[in-house]
Amino acid sequence: MTPRDSLESARHHSGPVRPGSGTNTAPARQRQRRARHLIFPVLALFVSAGLAAPAPALETTDGTEALRLFLDCDWGCDFTFQRSQITYVNWVRDRQDAEVHVLVTIQSGGNSREYTFNFIGLERFEGVDQRLIHTSSFTDTDDERRRGVQRILELGLVRYVLETPQAEGLVVEFENGEEQGEAHRGHFHPEANTLVVDDPWNHWVYRLRLNTDFRSEDRRDSQSYQTSASAGRTTDLWRMGMGVFYSYRESNFEFEDGSTFKNVSRSTSYFGQVIRTLAPHWGVGVGASSRRSTFLNLDSSYRAAAAIEYNYFPYSESSEREFTFAYFIGGTRLDYEETTVFDKLEETYTDQGAYIAFGMERPWGEAHLDLQYSHFIDDFDRSRIEFSTDIEYHIVRGLSFDVYAGVSRIRDQIYLPKGGATDAEVLVARRQLETDLSFRGGIQLRYTFGSIYNNVVNSRLSSESGGFSRIF
């Protein structure tokens, strides 16, 4: 008998408790209720007391409050680490409480990740702004990456700390040892105004990845394998890349009647592309790809395409703002696993399209808008229109509003199998289903209040496996 069966049996056989039956259950329950009524107010008192006690602000020796700093970085900065290392400033939760707002934008290249630090002066530092750039290689460890961020933050803060009483504690050191000099060996190019590094790899970066997952229960199990390999090279003039990806997923189910169902999904893809910089606002490129997919009924497919893009803003500012317009044209060859709804096992088509993309990151938040249209050249009815938006806005101190939405009008699902999808395939999402319209969206409203300071770092029992919220 399972624990659940024992519990149900106890419930059925216990019956109601009658007065005079000699049991003390009723008084015991009353004592439990009284205990609960006492416990919850006491807990509430402790919680309210904790909320009412704000974290103390850091002060200098003469009692002057330390510089108030707000770090605005969505990812890649390790906020907890920065607070634990840079302890001579007051970290605040909202930019409206800050004297310095550091807005960090991150842009990934072919072999590196570029951090742009915008130091924005507020209150007494109004108008005292600066921009610093840090580049981290994809081969850097997480610790090397976050220490690089720390270094740039501290360099940028010197300008502001110098105007506070804490300037007395500043110490500037310059490290130029043999090991560091070897690691950063290069020469300065006066025209490009950049340091050209002697790179034996000639800017090529290679990546290999292997991932596997296994899960098993009494009546179902699953396993998956994913592997990929890619190579890329990025310079100011060229961006090149190529790669391969393979995925295998298998799930097995056992039903009440003893029957079983096995779901297998495979996907393989190859790609290659070459993109050339034409001017500060222009880029052009060509590419080719191949794909196999059980989900899309593709036994094999091949595509070659070319595109040209114009950015209203210089590409050097793309981590902060971009407004791009592009046109593309290409040809595709499709071989299907099953006969399609149009009675075809293979076909070739050409298509063309255009897209508009807008994105910006500002102290008040960020916004992204994308609109794309494409159609078959010989059949304008076979078309697709996709629109998506994502906006995050900081309304007032502690209050922010996020909204995202996307809608697609789909008229180009020529790959759907003629037989359709079985109920089991629908349940396990094995096949793409026919649809004319696809929509997604969401809204989030966040409000934070309390102490403006966020200096203390305490990671005790911060793991999700700590057990505080676990039910089973």
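How many bridges join strand β8 to strand β9? Select residues 204-216 for β8 and residues 220-234 for β9: 13 bridges join these strands, which run antiparallel. Within this pair, highlight Arg209, whose bridge partner in β9 is Ser228. The turn from β8 to β9 is a hairpin with three residues between the strands. Please note from the outset that the model under view is predicted.

Strand β9 is joined to β10 by 15 bridges, and the two run antiparallel. Here Gln223 may be selected together with Glu250, its bridge partner in β10. A hairpin through three residues joins β9 to β10.

**The whole protein**

Now clear the selection and view the entire chain. The protein has six helices and 19 strands. Its length is 472 residues, of which 29% count as buried. Among contacts with a separation of 6 or more, 55% are between residues 24 or more positions apart.

**An open sheet**

Next, select strands β1 to β5. These five strands form an open sheet in the order β2-β1-β3-β4-β5, with mixed pairing. Strands β2 (90-91) and β5 (130-137) stand at the edges; each has a single partner strand, so one side of each is left without a neighbour in the sheet. Inside the sheet, colour β3 (residues 100-108) and β4 (residues 112-121), which run antiparallel and are joined by nine bridges. Val102 can be found opposite Phe119 in β4.

**A loop residue**

Select Ser319, which lies in the loop between β13 (298-311) and β14 (321-336). Is Ser319 buried or exposed? Ser319 counts as buried because its relative accessibility is 7%, below the 20% limit for that class. Ser319 and Val104 are 215 residues apart in sequence, while their C-alpha atoms are 9.3 Å apart in space.

**A nonpolar patch**

Switch to a surface display and select the nonpolar patch of about 1100 Å², whose members include Tyr312, Phe325, Leu369, Tyr373, Phe387 and Phe439. Which strands each supply at least two residues of this patch? They are β16 (365-376), β17 (379-396) and β19 (437-447). As an example, pick Leu369, which is placed in strand β16. Leu369 is partly exposed, with a relative accessible area of 34%.

**A buried aspartate**

The last stop is Asp402, in strand β18 (residues 399-410). With a relative accessible area of 12%, Asp402 is buried. What does the side chain of Asp402 make with the side chain of Arg446? The two side chains make a polar contact at 3.3 Å. To complete the view, display the residues that Asp402 touches, not counting those up to four places away in sequence: Ile391, Glu392, Tyr393, Gly442, Ile443, Gln444 and Arg446.

Key. Residues are numbered from 1 along each chain as its sequence is written. This is a predicted model: local features need pLDDT of at least 70, side-chain atom pairs count only at pLDDT 80 or more; totals for chains, interfaces and linings use all residues. Side-chain values use heavy atoms; hydrogens and water are left out. Helices (H or I, at least four residues) and strands (E, at least two) are DSSP runs, numbered from the N terminus. Buried means under 20% relative accessible area, exposed over 50%, partly exposed in between (1.4 Å probe, protein chains only). A polar contact is a pair of N or O atoms within 3.5 Å; within protein, one must be able to donate a hydrogen and the other to accept it, and residues adjacent in sequence count only if both atoms are side-chain atoms. Contact means heavy atoms within 4.5 Å. Patches are made of residues with over 30% relative accessible area and no salt bridge: like charges are joined within 9 Å, nonpolar side chains (Val, Leu, Ile, Met, Phe, Trp, Tyr) within 5 Å. Accessible areas come from the Shrake-Rupley method with a 1.4 Å probe; for residues, only the protein chains shown count as cover. A salt bridge is a side-chain nitrogen of Lys or Arg within 4 Å of a carboxyl oxygen of Asp or Glu. Two strands pair if DSSP finds at least two bridges between them.
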